[in-house]
Amino acid sequence: LQYDLLGYSNGSIVELSNKSQVLQANIFTADEDMILEAVSLTSPKNNAEVKTSIYLLDSADDTPDSGHLATTQTDYLNGQFYTRIDLGEPVSLKAGQAFSVVQEITAESRGAQNWFVSVECGSASDTYNYRGINSKVVSNSGESYVFQNGKWSDPANSEVTKQLQNVGLKAGNVMIKAFGNPAPYIDSVQTASGGGSSKVDLESE
């Protein structure tokens, strides 16, 4: 499952030097009974840390982290670029189940521990192009979110867009993918147990 069809080749990693937590998230819907086994992200640099949390959502949940926490884990990334991270505790999903992938990505930068968000990038206007290429991105309501200054917002309404506008770009979807395989739904309550931590070697997409 994905929204960032342009992928890393047309994405940007935005550094946000905040004094408060920054998160990125995508909300997906399972199109069949399945086991969610892995997620992806784009790492800003060597030795970055990512905390990934999976929430099961219902119609009353209006933010990515307002549902039932199914699993959470922390990984330490040995490299840069796009990577897939296997979930230590796969999540059983019923067809039609909405769920979110919430990530907190941090790394040391210029002597401080800062937050990072990875988003698709497109031309901010029809007249702007980069090396002769004019790309368009669309982020539909309810797909991608950025948490900053204590609230969730669409990437287009976040500090991410303000930084991209300085170079003639606009933000699309957050670059998070979710990977799973068809499997009978396991009707049991899943409770996050912490998931542990691991070190992941990254490979270019």
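**Briefing: fold and aromatic pairs**

Phenylalanine 28 is buried, because its relative accessibility is 3%, and buried means under 20% relative accessible area (1.4 Å probe, protein chains only). This is a predicted model, in which local features need pLDDT of at least 70 and side-chain atom pairs count only at pLDDT 80 or more, while totals for chains, interfaces and linings use all residues. Residues are numbered from 1 along each chain as its sequence is written, and side-chain values use heavy atoms, with hydrogens and water left out.

Aromatic rings
- The whole structure holds four aromatic pairs; rings of Phe, Tyr and Trp (its six-membered ring) pair if their centres lie within 6.5 Å.
- Tyrosine 3 and phenylalanine 28 are stacked, because their ring planes meet at 20°, with the centres 5.0 Å apart; planes under 30 degrees apart count as stacked, over 60 as edge-to-face and the rest as tilted.
- These two residues are 25 residues apart: tyrosine 3 is in the segment before strand E1 (11–16), and phenylalanine 28 is in strand E2 (residues 23–29).
- Tyrosine 3 has 23% relative accessibility, so it counts as partly exposed, a class between buried and exposed (over 50%).
- Tyr3, Phe28 and Phe99 form a cluster linked by ring pairs.

Whole chain
- One helix and 13 strands make up the elements of the protein chain; helices (H or I, at least four residues) and strands (E, at least two) are DSSP runs, numbered from the N terminus.
- From the N terminus on, their order is β-β-β-β-β-β-β-β-β-β-α-β-β-β.
- Of the 205 residues in the protein chain, 48% are buried.
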